[in-house]
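Subject: Structure handover

Hi,

Here is the structure I said I would pass on.

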Amino acid sequence: MWLNIFVFFATFIFMEFMAWFSHKYIMHGFLWSLHADHHKKDHDSWFERNDAFFIFYAVVSIGCFLLWQNNILAIGLALGLGIFAYGLAYFIVHDIFIHQRFKLFRNANSAYGKAVRRAHKMHHKHVGKEDGECFGMLFVPFKYFKK
């Protein structure tokens, strides 16, 4: 049981690195064509091409559940739940809290919330794929807490 709890939290934390890595080198790299509409809206739809990125991690999470269910990977449930929990946290912070795609948490003014919004604003000041900064989501550089 303790191993599964450790794996869950380790996976959740590791997913921040994966989000940073895939955002910096994949979304702002060879799959910029899917991510560009997130930086500069070029459509009238509520959905963005950028929304397709969640599918990859959802498939990985489901794959972990299936490996666990079929007794192939004992820690598969913990891995799958860690990926899912990070995805849910990312959705709440990025899509709801920062971009207000759903009108919730509009008046949240904690120091962490302000820092997350500042860091993401700095990321979005670059509309092109080059010269970006703050590619992570939940772990915010300390400099954004100081303002």
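This is a predicted model: local features need pLDDT of at least 70, side-chain atom pairs count only at pLDDT 80 or more; totals for chains, interfaces and linings use all residues.

**The whole chain**

The protein chain has 5 helices and 0 strands, so if you trace it along the sequence you get the pattern α-α-α-α-α. Taken along the principal axes, its C-alpha atoms fill a box of roughly 45 × 35 × 30 Å. There are 147 residues in the chain, and buried ones make up 37% of them. As for how the chain comes back to itself, take the contacts with a separation of 6 or more: 53% of those are between residues 24 or more positions apart.

**α1 against α4**

Two packed helices are described by the angle between their axes and the distance between the axes. For helix α1 (residues 2–30) and helix α4 (residues 76–98), the angle is about 45 degrees and the axes are 8 Å apart. The two helices are therefore oblique to each other, and α1 passes α4 in a right-handed crossing.

If you want to find this contact on screen, pick out N4, V7, F8, T11, F12, M15, E16 and A19 on the α1 side. On the α4 side, look for A78, L79, L81, G82, I83, A85, Y86, A89 and Y90. Sorted by type, the residues of this contact come to 13 nonpolar, 3 polar and 1 charged.

**α4 against α5**

Helix α4 also packs with α5, which covers residues 111–124. Here the angle is about 80 degrees, and the axes are 11 Å apart. That makes α4 roughly perpendicular to α5. The meeting residues are V93, H94, F97 and I98 in α4, and G113, V116, R117 and H120 in α5. This contact divides into 4 nonpolar, 3 polar and 1 charged.

**The nonpolar core**

In soluble globular proteins, nonpolar side chains tend to be buried together. In this model, the largest nonpolar core has 18 residues. Those with the most contacts inside the core are Y86, V93, I98, M137, L138, V140 and Y144. Helices α1, α3, α4 and α5 each supply at least two residues of the core, and α4 gives the most, with 6 residues.

I98 keeps turning up, so what does I98 touch once its neighbours within four places in sequence are left aside? The contacts are V93, V116, R117, H120 and M137. I98 sits in helix α4, and it counts as buried because its relative accessibility is 17%, where buried means under 20%. For a sense of distance, the C-alpha atoms of I98 and S22 are separated by 19 Å, and these two residues are 76 apart along the chain.

Not counting residues up to four places away in sequence, R117 touches F97, I98, Q100, F105, R106 and A108. At 26% relative accessibility, R117 counts as partly exposed. The C-alpha atoms of R117 and I96, 21 residues apart along the chain, are separated by 12 Å.

Most residues other than glycine have a negative phi, and most peptide bonds are trans.

N71 is not a glycine, yet has a positive phi of about 55 degrees. N71 lies in the loop between α3 (53–69) and α4. Q100, also a residue other than glycine, has a positive phi near 55 degrees. Q100 is found in the loop between α4 and α5.

Which of the two is buried or exposed? N71 counts as exposed, with a relative accessibility of 72%. Q100 is buried, with a relative accessible area of 14%.

Over to you now.

Cheers

Technical notes
Residues are numbered from 1 along each chain as its sequence is written. Side-chain values use heavy atoms; hydrogens and water are left out. Axes are lines fitted to C-alpha atoms, for helices over the stretch in contact, and angles run from 0 to 180 degrees between N-to-C directions. Helices (H or I, at least four residues) and strands (E, at least two) are DSSP runs, numbered from the N terminus. Angles under 35 degrees count as roughly parallel, over 145 as roughly antiparallel, 65 to 115 as roughly perpendicular and the rest as oblique. A crossing is left-handed if the near helix is turned anticlockwise from the far one by less than a right angle, and right-handed if clockwise. Contact means heavy atoms within 4.5 Å. Ala, Val, Leu, Ile, Met, Phe, Trp, Tyr, Cys and Pro count as nonpolar, Asp, Glu, Lys and Arg as charged, and the others, Gly among them, as polar. Buried means under 20% relative accessible area, exposed over 50%, partly exposed in between (1.4 Å probe, protein chains only). A nonpolar core is a set of buried Ala, Val, Leu, Ile, Met, Phe, Trp, Tyr and Cys residues joined through side-chain atoms within 4.5 Å.
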